[in-house]
Amino acid sequence: MESSPATAGTPTGKNGGKKRRARLIVIASVVVLAVAGALTWALLARPTAQPPVTSSQTPAPQPTDARQFERPTDWSDYRPALHLTPAHNWMNDPQRPFLLDDVWHYYYLYNADYPNGNGTEWYHVTSTDLVHWKDEGVAIEKYGNGLGDIETGSTVIDVDNTAGFGAGAVIAIMTQQADGIQRQSLFYSTDDGYTFTSYEANPVMENPGTTDFRDPKVIWDAAGQVWVMVLAEGAKVGFYTSPDLTEWTYVSSFERDDLGTLECPDLFQMSVDGEPANTRWVLAASAHGSKYDKTTGLAYWTGDWNGTSFTPDSEAPGWLDDGADFYAAVTWDDPRESAEERLASRYAIGWLNNWGYAGDLPTTDWQGGMFSIVRSIRLVDLDGAATLVSQPVDALSELGGEAITAETTVLPPGDSDTLPQPGTGSYRLQVTLSPDEAGPAREVRLKIKDGGGHFVTVGYDFALQNVFIARDADAAAATMPELYRAVRGVSSPLRDGAVDLDIFVDYSSVEVFADGGRQTLSSLAFGEPGANGLRVESVDGSTVVRSLTLTPLAVAAPERQ
């Protein structure tokens, strides 16, 4: 990742910069909803019968009606209700999850020594529905084997015992860094990913003499019957293969000169529009998008993978999210689905933060932002190009309370508070907007978290057909860098003369799914504490609200103790 916020006395960390890390501590009782047919998280390796999880490791079932719409009174002002955050200190980089007996195992980078010490470790949480979480503690501790801290990597289940640690062993391969040198190490678990042992022959990949050599993502290439690793190496992604996860051979690279330092790469195959006869490979990496009028985010290319090299369909990248704060994302499929279903749909989660201001956020009890809500992604043909589109996972609907709906309304020019008002700081706003034919507006602005003179704008420019988020008037803007105040938007053509917006609002974030998820914008956002007002401004004309549904969302993040 890019350089982290500077801290006096912080030792050199990942990327050779002074990076503040976070060890995720998710302390507390967790309401786990038993969702029939729950959508789940999947491992990018071969599907298989999984080793059993012992009863002591299985999250206890909870009643399905145990929903709480008010956060605990001792939570800080900006503690999110929907999004996963640590109780204290610093967090970043999600790690791709894997599935065992319908339980998803997910790891985060967390720095328990923030802000005065560096180094991350893998903190472990589990989930059954993509929404609620159970704290499992530290799975891989930092500085335990003499090779440095535990940084970004990935896990696989070694079904056929290719590495020799036992059939079904969970293998984690990640970057370790010591004295500014980045290497890849292997850790293995024989208790379903709750504890790990350092491989005695670590590192499994020695640094070849380069500064950037990190973030391995490992998958099983069924066509070649070989493990494949993609590795971030500065302005390029390196490809490696291995028969056993311990001995790796370099086979090719994908090089760029327009996206800065690449991080957290990913490689996966998907079908276009769900047609199994029409598949593309997707290569993704977190990158800097300034040359494409974007900030940092997840860039991707569709193309061909022949077992040793990747050939893109187009030189210009696509972007999974056009907001200010969606980085270091990981994707996965569901191994319980059929082969066709696994090709048609995946899941994704990203780090909601930006290294340009990551250490300047107005949160008090923790730093590092949060993780996005989990989204379902598909590859569809849009105007002749295979394009990733996103939608919130269905399990989020289980959090919904009694919805407020509004009939078709014409908003005259100007600012008004005539829309239904949220009762809490965590809700879903689904709205369809169009310009009034009698006197069409040039732009419409939904002012979210309104109160105390501050608000966050989710808007649509009817003239340019562009959806955007603006935070220049939010409660944090005055003390944040200019990058934070920049408006972030993306082209989103009107369909049938209207735009559909599906907006998830939490106490310190806004995530917008426009046009059925064809465009997505995710951003941190800070209103005045306790301010949950909703206003709308129709600019230079009138706007028609064709439909509106406002649904309060119950607390999903684990209660803190």
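## Lysine 447 and its partners

The side chains of lysine 447 and glutamate 537 meet in a polar contact of 3.0 Å, and a second one, of 3.1 Å, joins lysine 447 to aspartate 415. (A polar contact is a pair of N or O atoms within 3.5 Å; within protein, one must be able to donate a hydrogen and the other to accept it, and residues adjacent in sequence count only if both atoms are side-chain atoms.) This is a predicted model, where local features need pLDDT of at least 70 and side-chain atom pairs count only at pLDDT 80 or more, while totals for chains, interfaces and linings use all residues. Residues are numbered from 1 along each chain as its sequence is written, and side-chain values use heavy atoms, with hydrogens and water left out.

Where does lysine 447 lie? Lysine 447 sits in strand β28, strands being DSSP runs of E, at least two residues long, numbered from the N terminus. Lysine 447 counts as buried because its relative accessibility is 7%, buried meaning under 20% relative accessible area, exposed over 50% and partly exposed in between, with a 1.4 Å probe and protein chains only. Leaving out residues up to four places away in sequence, lysine 447 touches Asp415, Phe455, Val456, Thr457, Gly533, Leu534, Arg535 and Glu537 (contact means heavy atoms within 4.5 Å). As for alanine 470, 23 residues along the chain from lysine 447, the two C-alpha atoms are 9.6 Å apart.

## Salt bridges

Lysine 447 and glutamate 537 also form a salt bridge, with the closest N and O atoms 3.0 Å apart. That pair ties together distant parts of the chain, strand β28 and strand β35, 90 residues apart. Both lysine 447 and glutamate 537 are buried. A salt bridge here is a side-chain nitrogen of Lys or Arg within 4 Å of a carboxyl oxygen of Asp or Glu, and by that rule the count is 31.

Aspartate 540 pairs with arginine 442 in another salt bridge, at 2.9 Å between the closest N and O atoms. These two are 98 residues apart, with aspartate 540 in the loop between β35 (533-539) and β36 (543-552) and arginine 442 in the loop between β27 (427-435) and β28 (443-451). Aspartate 540 is exposed at 56% relative accessible area, while arginine 442 is partly exposed at 35%. A network of salt bridges links both of them with lysine 447 and glutamate 537, along with Asp415, Glu443, Arg445, Asp450 and Arg535.

Elsewhere, arginine 214 forms a salt bridge with aspartate 212, the closest N and O atoms being 2.7 Å apart. Arginine 214 is buried at 1%, and aspartate 212 is buried at 16%.

## The largest pocket

The largest pocket has a volume of about 650 Å³. Its lining takes in 30 residues, with Tyr300, Leu382, Ala385, Thr387 and Arg518 nearest the centre. β23 supplies the largest share of that lining, 6 residues. By type, the lining holds 13 nonpolar, 10 polar and 7 charged residues. (Ala, Val, Leu, Ile, Met, Phe, Trp, Tyr, Cys and Pro count as nonpolar, Asp, Glu, Lys and Arg as charged, and the others, Gly among them, as polar.)

On a 1 Å grid over the protein atoms alone, a pocket is an open set with protein on both sides within 12 Å along at least five of seven lines, a cavity is a set of points where a 1.4 Å probe fits but cannot get out, and lining residues have an atom within 4 Å of a point. Grid points are joined across faces, edges and corners, and a volume is the space filled by probe spheres set on the points.

## Cavities

How many cavities of 30 Å³ or more does a search of the whole structure find? It turns up 5. The largest cavity holds about 60 Å³ of space, and its lining divides into 10 nonpolar residues, 2 polar and no charged. Among the lining residues are Trp133, Phe371 and His83.

Notes
Helix = DSSP H or I, 4+ residues; strand = E, 2+ residues; numbered from the N terminus.
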